Amino acid sequence: MKETTVDKVLGHPLNAWYVAAWDHEVNRKPLARTVANRPLALYRTEDGDAVALADACWHRLAPLSMGKLEGRDGIRCPYHGILYNSAGRCVSMPAQETINPSATVASFPVVERYRYVWVWLGDAALADPKLVPDMHQMDDPDWAGDGLTISVDCNYQLVLDNLMDLTHEEFVHSSSIGQEALSESEFTVHHDERTVTVERWMLGIDAPPFWLKNMRDKFPDFEGKVDRWQIIHFESPTTINIDVGVARAGTGAPQGDRSQGVNGYVMNTISPVTDRSSLYFWAFMRNYRLESQVITTQLRDGVSGVFREDENMLVAQQAAIDANPDYEFYSLNIDAGGMWVRRLIERQLAAEGRLPAPVAPVAAG
């Protein structure tokens, strides 16, 4: 099945929550960050609240992120000294007592959840915190782990495609998590108005190196076959949490008993920066050996190495797309999850009036 050229470079919905930064990155020193083509100045008030303002002074568009914080919630422009509060309203102008009432910069809704600072760049009246995607494993005491940020030079859709079809592991990550069973196994796809889930089980197989090490972290004498699972859950527009793990073969993991195995969640949320660049926030969380910082660091570094292989492929793919702007993508069976992701994003863009033509409605099922 072919996809049009437009499908390769879909825009990004604005009425959505995007991660702008890890919570520890936002402090009392302004941070410059671009999300969905919108430069932002991020900082904290003295009360500890995170703030996201447009990173351009009303007067001459100087970046506020180059300025200094003053008072409880203020930020002063580094060029001519105009002072704004956390709502983006000017509260002081140099050399004059009368403040021009139009002297404002945009202030965007912010929510802190799951170790991230999320921003809403669309209609502020629609910014419901309940719409923040569920990533509860990030701060649940029953899970432990850590992650990093990848700045990747490709459209965010390519990262989503990569995560929705993990058969590429057989070829891109052959030394760590890849194996032939990935391509040989069956999978199912389910979707509704906001989510897409791809589920794959591989039964009675050898554990690849990454998972063999994890099994032996929990069961030092482990030998034998495993049952392996990958349950990919997408929540529109850009969050994908992947339930992954292996258990001793035949001990009931497909039926819900994972006690004889190791379980992790690969947490992923992607923020478009421009149409050709993205910030990819990820973490690997586990529910075993929670006390071990050694395992946390080993997993973070190991997954980081795997994702570098993905990054190299995605950057090369974006370069090839740019060099072949009229080429039309073909889709295989393995692309079913990714195709549904694109349809849901198209639906969001259509609802915002940001598609060049109407798209067919997406039926739940």
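I began with cysteine 90, which is buried at a relative accessible area of 5%. I take buried as under 20% relative accessible area, exposed as over 50%, and partly exposed as in between, with a 1.4 Å probe and protein chains only. The model is predicted, so I note that local features need pLDDT of at least 70 and side-chain atom pairs count only at pLDDT 80 or more, while totals for chains, interfaces and linings use all residues. Residues are numbered from 1 along each chain as its sequence is written, and side-chain values use heavy atoms, with hydrogens and water left out.

**Cysteines**

I searched the whole structure for disulfides (a pair of cysteine sulfur atoms within 2.5 Å) and found zero. Cysteine 77 has its closest cysteine sulfur in cysteine 57, at 3.7 Å, so the two are too far apart for a bond. Cysteine 77 is buried, with a relative accessible area of 5%. Cysteine 90 is in no disulfide either; its nearest cysteine sulfur also belongs to cysteine 57, 8.0 Å away.

**Salt bridges**

I then counted salt bridges, each a side-chain nitrogen of Lys or Arg within 4 Å of a carboxyl oxygen of Asp or Glu. The count is 18. As background, side chains of opposite charge can pair when their charged atoms come close.

I looked up arginine 342, which pairs with aspartate 161 at 2.5 Å between the closest N and O atoms. This pair links distant parts of the chain: arginine 342 lies in helix H7 (residues 336-351) and aspartate 161 in helix H2 (residues 156-164), 181 residues apart. Helices here are DSSP runs of H or I with at least four residues, strands are runs of E with at least two, and both are numbered from the N terminus. Arginine 342 is buried at 3% relative accessible area, whereas aspartate 161 is partly exposed at 24%.

Next I checked arginine 258 and aspartate 243, whose side chains form a salt bridge of 3.0 Å, N to O. This pair also links distant parts of the chain, with arginine 258 in the loop between strand E16 (239-248) and strand E17 (261-274), and aspartate 243 in strand E16, 15 residues apart. Arginine 258 is partly exposed at 24%, and aspartate 243 is buried at 6%.

Arginine 72 is partly exposed at 44% relative accessibility, while aspartate 73 is buried at 15%.

**Glycine 81**

I found glycine 81 in the loop between strand E7 (74-76) and strand E8 (83-84). Glycine 81 is buried at 13% relative accessible area. Leaving aside neighbours within four places in sequence, its contacts (heavy atoms within 4.5 Å) are Arg76, Ser92 and Pro94. Lysine 68 is 13 residues from glycine 81 in sequence, and the C-alpha atoms of the two are 9.5 Å apart.

**Helix H2**

I returned to H2, which is mostly covered, with eight of its nine residues buried. Among the buried residues are Tyr156, Leu160 and Met164. Asparagine 155 caps the N-terminal end of H2, where a side-chain oxygen is 2.8 Å from the backbone nitrogen of glutamine 157. Glutamine 157 is itself one of the buried residues of H2.

Note on methods. Polar contact = N/O pair within 3.5 Å; in protein donor to acceptor, adjacent residues only side chain to side chain.
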